[in-house]
Amino acid sequence: MKRSEDQLRLEQILRSDQIVSGGFIGDDPRMVEEIIEQDLATLEHLGRTKEEIALRMAEITEKGKAGLGTYAIIDDRLEAMVEESRGSLPCPFPDKANAQKTVTVARDRHTHEMLRWSDLSIHLIGKHAFFQGTGSRYRLDPRRLVEMIFE
Amino acid sequence: MDMAAIAVSILIVGGLGAALALLLVVAERYILNYGEVTVDVNAGERELKLNGGTSLLEALTSQKIFIPSACGGRGTCAYCKVKVLDGAGPLTPTEGPYLSPEELKEGVRLSCQVKVRTDIRVEIPRDLLAVQEYQATVERVRELTYDIKEYRFRLDDPPDMDYIPGQYVQLFTPRYKGNKEEVYRAYSISSDSQEKGVIELIVRLVPGGICTTYYFEHVNEGDRIRLNGPYGEFHLTDNDRPIIFIAGGSGMAPIKCMLHHMVNTQNARPAIYFFGANTTRDLFMLDDMKAFEAKLPNFRFVPVIARPDESPGWEGETGLVTQAVERHVTNAGEAEAYLCGSPGMIDASIKVLEGLGLTADRIFYDKFA
């Protein structure tokens, strides 16, 4: 697969520790385009769009803020805790976006199964369909994410 | 024109653009020589002679003037604001969103985005000129919870720091395996300001965070570290009003520092400290708080647990920290409040305190934003 300079530069940034410790791809051997393509195929199979997912994640984060750093009830099945740190993180894609350093932990109230995402994760999914590479601390498996936040 | 020809044209134009951009960056860095320039600080108070071409933030740091910065000069934290009276050049698109109309009018700029190409005149608050860089040794690391640690640093050079309880320092993170950037991150001081030559910080692990990952995974007792400070205007006022402290997580740090100060100055102000946590696993320094209660007769510590169902045996306050404030505070109208925590927690606390009759000018806070 032929790749442009921009694509190569993006992959270099995503694999580096320039923005987050361990980078955005972890030990995933796939190229960024492959990661995105395969995750988009999963979404299509699940009948969900990246925008829908990002919207729901943002909604959970917003509701979770009511817990003031402790778990807040989101609905019959979910609760979420939002932790905010100083500063913001720039989006690694060339769109000049910035996200507050906010981490949401969503938890199933019955099974206590958990998923974690940052405000930057929401942006990366909604805008770039990038769920991050396997091994990245913030990789979100689309199937697991959809099951957790919608069903 | 067929598709192949269009693709080739796009590649050629794109390639030429990229090459020109690269050339400009290389020229700026290696070829252009701005010669010696002067940075005038506070109308002649300091006059710095240095080679032009770097950012104002780098130029000031190289001359041991430390401006707070948490993003490594990427223009994303907006901590490094400095008033530039002359010689700053045009405003960059990165800076615009971080500057209010008043700041723009006054010439305030993000110093990491201003290039020093000619002589430049700046105004820097006097307390920032007192900020120094410190070499220190990790004397003790104490695990407070599963994701919070206390670091005790022995200052080596200079051997002591004068700080006001409530202030913070910037902790340096070097390049390490898994991180190629040098960064500074801000942490409030939690130690007793009367104990000379020592700084203690309370650090909460941010998963994937460059600084906290380094300190949690790579820094051990005996290691050498670097920090600079002190910074910040969060401090106790000098009056007799009752005090309401509200904090959560590592927001414990500046409040603990203020409590040490109250003990040292035999401060008899009535004070109540609400500390919010998810479960009992998230509570820490309970013994320290008991000790403060013993030394300060008018002080009471009120830990508040949001999930009593996950905290077997807990018989204390439950719910959100703000709900406990509403239940206990009866003298808000005459009190002062000191808050440290996330923006959400602080905003909610302000709303509750104002609802109880505390005016905004008597609410002081240190937001994690």
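Helices here are DSSP runs of H or I, at least four residues long. With that in hand, look just past helix H4 of chain A: Ala129(A) takes a positive phi of about 55°. A reminder before going on: this is a predicted model.

Now H4(A) itself. Is this helix enclosed or open? Seven of its 10 residues, in the run 119–128, are buried, so H4(A) is largely enclosed by the rest of the structure. The buried ones are Asp119(A), Leu120(A), Ser121(A), Ile122(A), His123(A), Leu124(A) and Ile125(A).

Take the helix partner. Two packed helices are described by the angle between their axes and the distance between the axes. For H3(A) and H4(A), the angle is about 160° and the axes are 7 Å apart. Angles over 145 degrees count as roughly antiparallel. H3(A) and H4(A) are therefore roughly antiparallel to each other. Their crossing is left-handed.

Who meets whom? From H3(A) come Lys50(A), Glu51(A), Ile53(A), Ala54(A), Met57(A), Ala58(A) and Thr61(A). From H4(A) come Ile122(A), Ile125(A) and Gly126(A). By class, the residues of this contact are six nonpolar, two polar and two charged. Keep the helix repeat in mind when you look at those positions. An α-helix has 3.6 residues a turn, so residues three or four places apart point the same way.

Next, the sheet. Chain A has an open sheet of four strands, in the order E1-E2-E3-E4, with antiparallel pairing. Strand E1 (72–73) and strand E4 of chain A are at the edges. Each has a single partner strand, so one side of each is left without a neighbour in the sheet.

Look at the pairing of E3(A) with E4(A). These two strands run antiparallel and are joined by five bridges. Within that pairing, Val105(A) stands opposite Arg116(A) of E4(A).

How does H3(A) sit on the sheet? H3(A) lies across E1, E2, E3 and E4 of chain A, and runs at about 95° to E2(A). So much for chain A.

Chain B, briefly. Its secondary structure comes to nine helices and 17 strands. The C-alpha trace of chain B spans about 75 × 60 × 45 Å along its principal axes. Of its 369 residues, 40% count as buried. Take the contacts in chain B with a separation of 6 or more: residues 24 or more positions apart account for 69% of them.

Note on methods:
Residues are numbered from 1 along each chain as its sequence is written. Chains are lettered from A and ligands numbered from 1 in the order in which they are written. This is a predicted model: local features need pLDDT of at least 70, side-chain atom pairs count only at pLDDT 80 or more; totals for chains, interfaces and linings use all residues. A residue is buried if 20 or more other C-beta atoms lie within 10 Å of its own, exposed if 12 or fewer, and partly exposed in between; C-beta atoms are placed from the backbone. Two residues are in contact if their C-beta atoms, placed from the backbone, lie within 7 Å. Two strands pair if DSSP finds at least two bridges between them. Axes are lines fitted to C-alpha atoms, for helices over the stretch in contact, and angles run from 0 to 180 degrees between N-to-C directions. Angles under 35 degrees count as roughly parallel, over 145 as roughly antiparallel, 65 to 115 as roughly perpendicular and the rest as oblique. A crossing is left-handed if the near helix is turned anticlockwise from the far one by less than a right angle, and right-handed if clockwise. Ala, Val, Leu, Ile, Met, Phe, Trp, Tyr, Cys and Pro count as nonpolar, Asp, Glu, Lys and Arg as charged, and the others, Gly among them, as polar.
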